[in-house]
Amino acid sequence: MYGQFKTKKIDNPRLIAEMLLTHVLGGERIDLYAHADRIATDAERKTLREFVQRAMKHEPVQYIVGTAWFFGIEFQVNNTTLIPRTCTERIVEQVIAHCKLSTEPTCNIADIGTGTGCIAITLANNMKKASIVATDISNDAIELAKTNAAIQQVDSQISFMQGDGVDPIIDLDPFDAICSNPPYIPDNELAELAANVLDWEPELALSGGKDGLRVISNIIANAPKNLKPNGLLIIEIASSTRDQALALAKEESDLVDIKIIRDAFGDDRFLRAIRRV
């Protein structure tokens, strides 16, 4: 299996092989080595062969096994949403740190483009005083996020709303924090994405339009209205559009402390700003 994946230039071939084996055989990855003499059943071998064939077509292993990890939590995933990524965890860290400074009994948060619900659900898991509105343009994504919220038993803290960008929240009371991992890949960069992303993850959740800022520009323009004084805005962006995103934020006189934050891998990944008091 490892050799097949390596020949097909599958990223992290050993890890992918271990994840598939663990999912089929059960247990943890360490068990693959602790019980190396375990003989698979006919049914397990059949399932594994099917999974390998799917992986050979660059289908993400998370879609094959139906789960992905984010901030130490396992989420259900499918091809209606992006796969949660480690780099996005910085958004959660920023919002938690900001809300900890608040003396209000509730921290009201908007998560725009919630996808699997990983950001909203992780925030709810880590902040019992959080009340969150999670939005997505895709009804399928909303249904998946609702399922994940129920599994994590935080659905009472999260209201889900369908709609594009800021549309669902535009007339709601201002928030203490607005966070978003929106579609942000410029159209001319889509073809450069790896096959496991371009061919399998939904374009609706990837494409940010010609300049990558279709959704982002709308979030920024409405942030002064949608945020309370001293409210936090943090948006995941493409490194290639950092200067344009900064310029858009600086056009808003009520946004201050505007900066770019790097992700855990050192890439310029987030626009952060504060609503002027």
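**Note on the predicted model**

1. The second largest pocket has a volume of about 390 Å³. A pocket here is an open set of points on a 1 Å grid over the protein atoms alone, where a 1.4 Å probe fits, with protein on both sides within 12 Å along at least five of seven lines. Its volume is the space filled by probe spheres set on the points, which are joined across faces, edges and corners.

2. This is a predicted model: local features need pLDDT of at least 70, side-chain atom pairs count only at pLDDT 80 or more, and totals for chains, interfaces and linings use all residues. Residues are numbered from 1 along each chain as its sequence is written, and side-chain values use heavy atoms, with hydrogens and water left out.

3. H7, E4 and helix H10 (214-226) each supply at least two lining residues. Helices (H or I, at least four residues) and strands (E, at least two) are DSSP runs, numbered from the N terminus.

4. Next, strand E3 (residues 107-112). Five of its six residues are buried, meaning under 20% relative accessible area with a 1.4 Å probe, protein chains only. E3 pairs in the parallel sense with strand E4 (residues 130-136) over six bridges, and with strand E6 (residues 175-180) over four. Pairing requires at least two DSSP bridges between two strands. Ile112 stands opposite Thr135 in E4, and its bridge partner in E6 is Ser180.

5. Which elements does the chain cross between E3 and E4? The path runs from E3 through H7 to E4, a right-handed β-α-β crossover. Right-handed means that, with the strands pointing away from the viewer, the path from the first strand over the helix to the second runs clockwise.

6. The largest nonpolar core has 33 residues. Such a core is a set of buried Ala, Val, Leu, Ile, Met, Phe, Trp, Tyr and Cys residues joined through side-chain atoms within 4.5 Å. Val95, Ile109, Leu123 and Ile158 touch the most other members. Helix H7 (residues 118-126) gives the most, with six residues. A second, separate core of 32 residues includes Leu82, Val133, Val215 and Ala273.

7. Finally, Asn148 in helix H8 (residues 139-151). Buried or exposed? Asn148 is buried, because its relative accessible area is 2%. Leaving out residues up to four places away in sequence, Asn148 touches Phe75, Gln76, Thr116 and Ile121, where contact means heavy atoms within 4.5 Å.

Technical notes
Buried < 20%, exposed > 50% of the residue type's maximum accessible area, 1.4 Å probe, protein only. 1 Å grid on protein atoms, 1.4 Å probe; cavity = no way out; pocket = protein on both sides within 12 Å on 5 of 7 lines; lining within 4 Å.
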